[in-house]
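Hello,

Here is the structure I said I would pass on. My notes follow below it.

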Amino acid sequence: MKKIVLSCCAILVAGFTFSQTIIHRDIEIEKMVNDVSKDSLQSYIKKLVSFGTRNTLSSTTDPRRGIGAARNWVLSRFNEFARQSNGRLTAIIDTTTLQKDGRRVDTTISLGNVVATLKGSDPSDDRIFIISGHLDNMRSSVLDRTGDAPGANDDASGVAAVMECARIMCRNSFPATIIFVAVSGEEQGLLGANFMANKAKQQNWNIEAVLNNDIMGSNNSSETNIVNNTRIRVFSEAFSVLDTGKAIANIRNLGLENDGRSRQLARYVKEVGERYVDNLEVVMIYRNDRFLRGGDHTPYVQRGYAAVRFTEMNENYYHQHQDIRMESGIQYGDLIEFMDFEYLRKNTAMNLANLANLAKAPSMPQEVRVETRRLTNYSIITWKAPKQGKVKGYYVVMRETTSPVWQKKIFTVGTSIQLPYSKDNYFFGVQSVSENDNEGIPVLPLPGR
Ligand SMILES: [Zn+2]
C-alpha cells in the first residue's frame, strides 16, 4: 500500500497559494497545540519582568529581585505543573560555580539552569529532545547587575514558551524524554548552555534535537517599520563538527552541503510547525545565527548535536540590551508593552507541535542506502527498522536538488522501495512513522552496493 502525501510546507512557501494538499494532524497534538494560551504566556512574562533584573551576576539570595528569585520561581512553577504528570515530570536547579573570567564575569558566581525533565514512557527509548530559552538578561552593560532590566522579549519570551510547553505536555506521555530548560549565563557567553551541553556529551545523552528559543515574541522593527506576526525564523548550520574525513568527502561528492543534522532538523520543524499552526510560516535561514550575536543552540552544534534557533522575523534593536530610557523621542528598553502575545502563542505552539511529533515518533531508520550497483533511472532505497519505537511504516521523502523543502512523501510499509525517479536528479530521505502518523527526522541514504 502506498499513499502519496504532498508536504504542506511546499505549498505554504509559495505565498500561501493553496493547491490540493492533505494535512494529517494527530488529534492529540492538535489538542495540545490548541491549549497554548496567550494569557498564560503573558502571565509568565509579567512575573519574570517583576524580578527587576535577571542579570546572571545579580543576587541569588534576594527573595524578590534578581536571578536567584527568578530561577526559584521557574522551579516552583515546574513543580506545580509536575503534579499533573503522574510523577513523570521532575525539576531541579542544576548549579555550577564559575570563577571570574576578566570579561563578562567579574566575580565568582553560582550559575543555575532550571531543568524540568519529562521522562519518556518507553524505558528502552533513550532519545532526548530539548527545548531551551534563557532566563538571564542584560542592560546596555552586561556587567550591570543592579539596574532594571525587564528582558520581556530577550528572553522571557523563550522561557515563557518553554514553561507553556512543559505545562501542557507533562499531562501527556511520550515514548522519548523531553527536557524543558531555562538557561542562565547566556548574555555572559552561553555559560549555562555550555555547562549543559558539556554534561550531555560527557554522559553520552542521545539528544536528537535541540530547539532554542531566543527573542521570539515581538513583531516589529522600529528602523524599517516592518510589522510581521506570521513569520518566524529558524537558524541552522549546514555542517556538523562531526563532518570530518570521509563524511566531508561524501558531502562534496554527493552534494549534501544542505543536509547536515541541524539543517535537516530545520527543514523538519518548518514542515511540522506549519502543519499544526495556522497563519505561521517558518522561514529557514541558512546560517547558524545572526551577525554579531550568539545563542544557546551553538554549544550543542559544537558538540555534534542537531540544534536550531528560533527568532522573530524583524528584531527591534531599540529594545534589546538597552537601559530603559527616552532618547530623541525613542523609547529604549526590553519592555513588556512591545510584546505581541498572539505571535508568541503561535511560535510556542510551533515548538510544541515539533517536540510532540518528535517524541511520539519512532527513532530513525537504520542503514539507509541507495543502491548504486549499476546505471539506471530507477532509484532503489533500502533501510532497516529503527532501534526504538513501534513502526507503522515509513515515509520516503524526495525533493529536487535545488528545493529547500521535501516535495513529495510516499508512505510504504516495507523496508525498501523502487522509485521511477533518478537518484542523480533528486535527494531522498526515509522517516519512521508511528501508529498515529508521527514521523521522525529523515535520514538520507548513503550509497550502497
Ligand atoms: Zn537572548
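**Zinc site and sheet**

His134 counts as buried, because its relative accessibility is 0% (buried means under 20% relative accessible area, exposed over 50%, partly exposed in between, with a 1.4 Å probe and protein chains only). Asp154 also counts as buried, at 5%.

This is a predicted model: local features need pLDDT of at least 70, side-chain atom pairs count only at pLDDT 80 or more, and totals for chains, interfaces and linings use all residues. Residues are numbered from 1 along each chain as its sequence is written, and side-chain values use heavy atoms, without hydrogens and water.

The zinc ion is coordinated by His134 (NE2), Asp154 (OD), Asp214 (OD) and Asp214 (OD), at 2.0 to 2.6 Å. Donors are N, O and S atoms within 2.8 Å of the metal (3.2 Å for Na, K and Ca); water is not among the atoms, so sites may look incomplete. His134 lies in strand 4 and Asp154 in the loop between strand 4 and helix 5, so the pair ties together parts 20 residues apart in sequence. The spacing of the donor residues is H-x19-D-x59-D.

Eight strands form an open sheet with mixed pairing, in the order 2-3-5-4-6-9-7-8. Strands are DSSP runs of E, at least two residues, and helices are runs of H or I, at least four, numbered from the N terminus; two strands pair if DSSP finds at least two bridges between them. The edge strands are strand 2 (89–98) and strand 8 (281–285). Strand 3 (residues 109–118) and strand 5 (residues 177–183) pair in the antiparallel sense over five bridges, and Ala116 has Phe180 in strand 5 as its bridge partner.

Regards
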